[in-house]
Amino acid sequence: MKTKQIEKVIKPGKAHFVGDGFRVHGFIPAAITMERMDPFLVFDYNATYNFPASEIPKGGGVHPHRGFETVTLAYKGRVEHGDSSGGGGVIAEGDVQWMTAASGILHKEFHETEWSKTGGDFQMVQLWVNLPSKYKMTAPKYQALANASIPKVELDGGLGTVEVVAGAYQEIAGAASTFTPVHLYNGKLKQGGRMDFALPEHFNTAVLVLEGQVTINGEPIPTDHFVLFKNEGTDIHIEADSDALVLVLSGEPINEPIAAYGPFVMNTEEELKQAFRDFQTGKFGHLAD
C-alpha cells in the first residue's frame, strides 16, 4: 500500500458570519473548488468562539435548500433545528444532524434557547454533500444522530477514540445512511495516539484539525488547519503531538455537472431556475420563522 500524499495545507481565512449565530471560516468553496472536493460542496468551520448570553437566540432564519444534504457536527454549544418536512430537534455536543434537502425543504437553525441564555464556547462544522442527479428530486429526510448512537473504535493503548459518523473505519460501519460512498470520522486522540487507516485512491479526501496539533503522514499540522490530499495513494497516518481532535472526510466523486446558486445545487441552469420558481410558489412547504 502507498501513503496518500498531502496536496496542500490551508490555514483558516478571515471569518464571516452566517446569520448572526455562526462565525465561520470557509474552506470549500473559498479555498478549494466544489469540483475538486466533489461530492463535498461547502465546508464551513465555526472555530471555537465565545458567544455572550442572549435572551434572543442567534442563528439563521427560515431559508430553502434543494439538491443536496447538509451535515452539522456539534463540538461545543447546542443548536435547535426545524424544517418543513417535520424534522428537527436539538443538536448537543457530540451529536450530528444529517438533513437531506433533495427535492426542496425550508429550514432554520438557532442556538438552543436555554444554552443561549448563558452563552459560552461554540464550535461547529457544517458540510454540504451533493446528491447525484437521480436523487436530487427525492423526498427530503432528516437523520438525528445522537452521540450515543454513533459507533466508536478504541485506539491502541487507550489513546483515543474514532467516532464513525458515516462510511466505515476498520470495518465498523458508521451511523449515517448516505446516497453515495462517504466516510466521515471524528478522531479524538490523546497525546501519542495514532489513527492508521486507508481510503480509496480516487476518493476526494481531507482532514480538519479542530484541537491540538497532529502529524499527518510525517507533516506537522497546527490547530484549525485543513489538509487536502492528492488522489494517489491510500494510507493515512495521524499521530497526536498533543491531545487533539480531527475530522476526516472522504467521498467518491459523483462526476456530474454542478450548477450552484445560493441555496440550490442542481446539474443545469434550467433546473436552478425551476428551483427558484418552485420556492417562490410555495412548493417547499411552510415553516414559521
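Two strands pair if DSSP finds at least two bridges between them. Strands (E, at least two residues) are DSSP runs, numbered from the N terminus. This is a predicted model: local features need pLDDT of at least 70, side-chain atom pairs count only at pLDDT 80 or more, and totals for chains, interfaces and linings use all residues. Residues are numbered from 1 along each chain as its sequence is written, and side-chain values use heavy atoms, without hydrogens or water.

**View 1. An open sheet of 7 strands.** The order is E1-E22-E19-E24-E17-E14-E13, with antiparallel pairing. Strands E1 (6-10) and E13 (152-154) are the edges, each pairing on one side only. E19 (residues 204-211) and E22 (residues 226-229) pair in the antiparallel sense over 3 bridges. Phe 226 in E22 is the bridge partner of Leu 208.

**View 2. The largest nonpolar core holds 32 residues.** Such a core is a set of buried (under 20% relative accessible area, 1.4 Å probe, protein chains only) Ala, Val, Leu, Ile, Met, Phe, Trp, Tyr and Cys residues joined through side-chain atoms within 4.5 Å. Phe 43, Val 125, Leu 184 and Phe 226 touch the most other members. Strand E4 (residues 40-51) gives the largest share, 4 residues.

**View 3. Phe 51 and Phe 122 form an aromatic pair.** Rings of Phe, Tyr and Trp (its six-membered ring) pair if their centres lie within 6.5 Å; planes over 60 degrees apart count as edge-to-face. Here the centres are 5.5 Å apart and the planes at 90°, so the pair is edge-to-face. Phe 51 sits in strand E4 and Phe 122 in strand E11 (residues 120-130), 71 residues apart. Both Phe 51 and Phe 122 are buried.

Key
Buried < 20%, exposed > 50% of the residue type's maximum accessible area, 1.4 Å probe, protein only. Phe/Tyr/Trp six-rings, centres within 6.5 Å; stacked < 30°, edge-to-face > 60°.
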